[in-house]
Amino acid sequence: MAIKMRDLLGSALPSLRYEPTDKHLRVYRAGHLVADTRSAWLVWEPGRVVPTYAVPESDLVGQADDEGAAWRSNDPDLAGYLILDFNAFEWREEDEPIVAHPHDPFKRIDILASTRHVRLEWNGRLLAESSRPVLLFETLLPVRYYLPRADVVVDLEPSDTVSYCAYKGRASYFSVPDGPADVAWTYQDPLREADPVTDRVAFFNERVDVIVDGQREPRPVTPWSD
């Protein structure tokens with residue numbers, strides 16, 4: 001019987017998973033080198049969909065395990081490795097900084113120009129309408145429709161909220177006046193892979209109505225649903 005890939009990946013969530021990487025990894029804390037290794041492992045802890053890194057204890061050059069920033073797994077397959085709290089350190093994969101979490105070798109983004117007609121509404125109120133969207137496909141997430149700012153018809157209010165994506169970079173958020181808060185976002189200076197969505201605006205499919213080529217799409221259920 002055929003297996004849907006989404007279900008296959010999801011079935012492993014309760015398990016501790018790891019994958020070796022060939023990347024040269026350097027880890028810093030407050031500007032000081034903590035680890036320098038070419039033998040790191042990506043580690044997905046039980047229930048986690050994004051990885052962190054584990055590094056050989058022999059490759060530590062500074063203090064890493066204070067204040068709960070690093071810990072040893074009870075799994076014998078990870079003996080000799082320390083799992084690091086990603087947010088407690090600054091990271092370089094080769095010579096490039098990374099944010100949010102390590103790049104997952106089993107996840108990717110595809111960004112494609114399209115001529116689909118996309119209409120976004122909230123409670124019947126038109127928010128945006130465009131026939132020149134850029135579609136961003138990300139593993140295990142709903143397609144996101146990035147529209148030119150000129151095609152957003154509502155006066156969005158900038159929010160103080162920001163978030164970071166390992167593949168796209170720093171996102172700034174917008175709210176709809178008299179409507180949902182933090183419902184749209186933009187990448188003003190995205191990472192290299194996401195350059196085609198620069199300054200475009202996307203809305204949470206989970207919180208607004210998306211009508212593509214005249215067909216209303218069901219709202220996906222994700223951690224960003226209302």
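Predicted model: local features only at pLDDT ≥ 70, side-chain atom pairs only at ≥ 80, totals over all residues.
**View 1. The largest nonpolar core.** This core contains 20 residues, and those that touch the most other members are L120, Y145, L156 and F203. At least two core residues come from each of strand 11 (118–122), strand 12 (125–130), strand 14 (144–147), strand 18 (201–203) and strand 19 (209–212). Another core, of 18 residues, lies apart from it and includes A40, L42, A70 and L82. When residues up to four places away in sequence are set aside, L156 touches F174, S175, V176, P177, A184, V201 and F203. Over the whole protein chain of 226 residues, 43% are buried.

**View 2. The segment annotated as DUF427.** An unreviewed UniProt entry lists residues 118–206 as "domain: DUF427". As for contacts in the protein chain with a separation of 6 or more, 54% are between residues 24 or more positions apart.

**View 3. P46 beside the segment from L13 to R17.** P46 is placed in the loop that joins strand 4 (41–44) and strand 5 (52–56). Leaving out residues up to four places away in sequence, the contacts of P46 are with L13, P14, S15, L16 and R17. For one of these, S15, the C-alpha atom is separated from that of P46 by 4.9 Å, although the two residues are 31 residues apart along the chain.

View 4. The side chains of R216 and E121 meet in a salt bridge with an N to O distance of 3.8 Å. R216 belongs to strand 20 (residues 215–216) and E121 to strand 11, so this pair ties together parts of the chain that are 95 residues apart in sequence. E121 has a relative accessibility of 10% and therefore counts as buried. A network of salt bridges links R119, E121, E129, D209, R216 and R219, and the count of salt bridges in the model comes to 14.

View 5. The side chains of R132 and D151 form a salt bridge at 2.9 Å, N to O. This pair links distant parts of the chain, with R132 in the loop between strand 12 and strand 13 (134–138) and D151 in the loop between strand 14 and strand 15 (157–165), 19 residues apart. D151 is buried at a relative accessible area of 13%, whereas R132 is partly exposed at 45% relative accessibility. In the other pair, the side chains of R108 and D110 meet at 2.5 Å, N to O. R108 is exposed, with a relative accessible area of 52%, while D110 counts as partly exposed at 31% relative accessibility.

View 6. Most residues other than glycine have a negative phi. N123, which is not a glycine, has a positive phi near 50°, and its place is in the loop between strand 11 and strand 12. With a relative accessible area of 63%, N123 is exposed. D178 likewise has a positive phi, of about 55°, although it is not a glycine, and this residue lies in the loop between strand 16 (169–175) and strand 17 (184–186). D178 also counts as exposed, at 78% relative accessibility.

Key
Residues numbered from 1 in each chain as written. Heavy atoms only, no water. UniProt positions renumbered as here; feature names shortened; annotations may be inferred. Core = buried A, V, L, I, M, F, W, Y, C linked by side-chain atoms within 4.5 Å. Buried < 20%, exposed > 50% of the residue type's maximum accessible area, 1.4 Å probe, protein only. Helix = DSSP H or I, 4+ residues; strand = E, 2+ residues; numbered from the N terminus. Contact = heavy atoms within 4.5 Å. Salt bridge = Lys/Arg side-chain N within 4 Å of Asp/Glu carboxyl O.
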